[in-house]
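This report covers the disulfides of one protein model.

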Amino acid sequence: MDFFHGNLCFLIIILLFLNSKNAEGRYHYHKKQKPKKPPVLPSPEPPVYQSPSYPPPVPSDPNTDPPPVSDEPNDPGNTTSGCVFDVTSFGAVGDGTTDDTAAFRDAWKAACAVESAVVLAPADCTFMITSTVFYGPCKPGLIFQVDGVLMPPNGPDCWPEKDSNKQWLVFYRLDDMTFTGIGTIEGNGQQWWELPCKPHRGPNGSTLPGPCDSPALIRFFMSSNIVVSGLRIKNSPMFHMKFDGCEGVLIEKLSISSPKLSPNTDGIHIENTKFVGIYDSVIGNGDDCISIGTGCSNVNIEGVTCGPGHGISIGSLGVHNSQACVSNITVRNAIIKDSDNGVRIKTWQGGAGSVTGISFENIQMENVRNCVIIDQYYCSNKACLNQTSAVYVKDISFRNIKGTYDVRSPPIHFACSDSVPCTNITMSEVELLPEEGELVDDPFCWNTYGNQETLTIPPIDCLLDGEPASEVENYRLHCSS
């Protein structure tokens, strides 16, 4: 009996030991939750100004709603992590003429279901794909890596009729995604620029009427925690990159280029987008290097070289009597060269809302026309009517702006609304000299209230002291939290 009892106790001890080991094994194989990447440029306080209530346009086709998208990833069953999905393994040829769209879509769908997956367009290949929407949600950490060349069909005559001609690559409803690589996104924009509806491209330099849609090259829509880095992006038919309805965007070390006379080829355009960082990039094109539309706040731009082009712009805002809200924008340590404009705020007559909390600091100008400009009479077609309402421009600072300007225009131009003056405009260490020749016109101010912390070169004696007698607070109420 004692023998049996002793063996029984021994067996119980063995079983308890094995159970503890199994429990320990289950604990170590439990997958640790990946921490969520914080938005770029976090602010300790929420933005004061809110985006307009209306939604941005739809990504896939401006005239129809996008297909319904599940709240789950494309294939949530696969939980493998860290896989590389080479598009050539999905049938991509990469010879520059074969349509590789299906292979990219298949590779994306497979990678979307895998945490920290990589969609790879390898080097030494040129991939042609048609207009495509890359849908989310996807597993976190997805990387789209272009090491070769990726391009759309060559011009409007080759563009499939069934495809949207307003965008080419669209990334939709994504979180924690990176678009990177050592390759090139080639836009093949030359034939789009020569359409007779483009400025001065018609007979005898005219501009013919009619629809003139051209695709933006890359668009991020309703996405968050996005990184775009390292790529060369060139020759877009229209905007090179566009972000709308996004939050938490980091853009760094990009090269964006198209010819000086390529129309409407903005380098980076953002609208209805918050918490954005744009760093250490070189942008030259036929329009704004960076343009900031309505609904943007907490944007930091630093280390950007811009030119040729139309400079760094906030706007245009308030078109068709619309409301526009932009706040907390900083541009610093930038170089702008051989450009039609330097740093600019442009609004249409008849708009509402406000632009406030804007800082331009440590900017080198090299042969720039209109170095510093606020224009509340912006009009692209020269047939605009005078209107009394306007977007309210307040709390704008220009500090340490130095370099040379093109004497065809005064280097400083502040044209503010008759009824809604610009207020609290600060000038400090602004020193601008002619690139060649002599200054023709003095700096211009109209209904602009502000102060000089230091003397400017050329002297600016047209700023009004104090605050306007009329009440302008109502113009920014719709932008308040």
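The structure holds 7 disulfides, where a disulfide is a pair of cysteine sulfur atoms within 2.5 Å. A bond of this kind is covalent and runs between the sulfur atoms of two cysteines. This is a predicted model, in which local features need pLDDT of at least 70 and side-chain atom pairs count only at pLDDT 80 or more, while totals for chains, interfaces and linings use all residues. Residues are numbered from 1 along each chain as its sequence is written, and side-chain values use heavy atoms, with hydrogens and water left out.

| Disulfide | S to S distance |
|---|---|
| Cys-289 and Cys-306 | 2.1 Å |
| Cys-325 and Cys-479 | 2.0 Å |
| Cys-416 and Cys-422 | 2.0 Å |

**Cys-289 and Cys-306**

Because the torsion about the S-S bond of Cys-289 and Cys-306 is about 85°, this disulfide is right-handed. Cys-289 sits in the loop between strand 19 (282–284) and strand 20 (290–292), and Cys-306 belongs to strand 22 (residues 305–306), so the pair ties together parts that are 17 residues apart in sequence. Strands here are DSSP runs (E, at least two residues), numbered from the N terminus. Both Cys-289 and Cys-306 are buried; buried means under 20% relative accessible area, exposed over 50%, and partly exposed in between, with a 1.4 Å probe and protein chains only.

**Cys-325 and Cys-479**

The link of Cys-325 and Cys-479 is left-handed, with -80° about the S-S bond. Cys-325 counts as buried because its relative accessibility is 2%. Cys-479, at 0% relative accessibility, counts as buried too.

**Cys-416 and Cys-422**

The link of Cys-416 and Cys-422 is left-handed, with -105° about the S-S bond. Cys-416 has 0% relative accessibility and therefore counts as buried. For Cys-422 the relative accessible area is 0%, so this residue is buried.

**Two further cysteines**

Is Cys-83 buried or partly exposed? At 25% relative accessibility, Cys-83 counts as partly exposed. Cys-371, by contrast, is buried, with a relative accessible area of 0%.

Technical notes. Helices (H or I, at least four residues) and strands (E, at least two) are DSSP runs, numbered from the N terminus.
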